[in-house]
Amino acid sequence: MPIKLENVGIAVRDLEETIAFFTDLGLTVLGRDTVSGEWADTAVGLDGNHAKIAVLQTPDGKGQLELFEYLHPDAIETDPTLPNEIGMHRVAFSVDDIDHALEIAAKHGCHPLRGVANYQDVYKLTYLRGPSGILVMLAQKL
């Protein structure tokens with residue numbers, strides 16, 4: 001059975017803020033919609049599911065994020081995921097220039113958790129908190 005990754009879905013506090021962050025990093029918006037109804041309740045397993053969504057794509061055309069902001073039921077605030085917690089962890093992007101990517105992230109109030117690391121002179125990489133506390137890894141191949 002062939003299998004293909006379609007996208008990574010992320011619930012966000014503010015869809016427009018999150019779109020601005022990721023598009024500034026270089027992703028493009030493929031589409032937007034508002035979803036609700038019986039099909040959405042069934043697919044997601046949540047009664048009364050009503051959300052604004054946007055699908056973003058990486059410049060290479062291979063990666064997609066589906067962002068969704070719940071209109072109903074109300075979104076539930078949780079503590080941001082820590083790097084060592086079990087479960088959905090982070091979304092990672094390779095970039096040509098990590099310093100430039102961090103300048104863009106800083107314009108959105110997003111900064112590295114600790115700094116930029118050098119992994120065996122192969123990658124410079126860092127984790128940062130994006131909008132809605134999303135853990136984002138940026139890596140530049142050396």
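Where is T58 found, relative to β3 (50-57) and β4 (64-72)? T58 sits in the loop between these two strands, strands being DSSP runs of E with at least two residues, numbered from the N terminus.

A word on the model: it is predicted, with local features needing pLDDT of at least 70 and side-chain atom pairs counted only at pLDDT 80 or more, while totals for chains, interfaces and linings use all residues. Residues are numbered from 1 along each chain as its sequence is written, and side-chain values use heavy atoms, leaving out hydrogens and water.

**View 1. T58 and its surroundings.** T58 has 15% relative accessibility and so is buried (under 20% relative accessible area, with exposed over 50% and partly exposed in between; 1.4 Å probe, protein chains only). Its side chain makes a polar contact with the side chain of D60, at 2.5 Å (N or O atoms within 3.5 Å, one able to donate a hydrogen and the other to accept it; residues adjacent in sequence count only if both atoms are side-chain atoms). Beyond its neighbours within four places in sequence, T58 touches L27, G63 and F93 (contact: heavy atoms within 4.5 Å).

**View 2. Rings of F21 and F22.** The whole structure holds 3 aromatic pairs (Phe, Tyr or six-membered Trp rings with centres within 6.5 Å; planes under 30 degrees apart are stacked, over 60 edge-to-face, the rest tilted). F21 and F22 form an edge-to-face pair, because their ring centres are 5.0 Å apart and their planes at 80 degrees. F21 is buried at 0%, and F22 is buried at 0%. Ring pairs join F21, F22 and F93 into a cluster.

**View 3. F68 with Y70.** Here the edge-to-face aromatic pair of F68 and Y70 spans 5.8 Å centre to centre, with 90 degrees between the planes. F68 is buried, its relative accessible area being 18%.

How values were computed. Helices (H or I, at least four residues) and strands (E, at least two) are DSSP runs, numbered from the N terminus.
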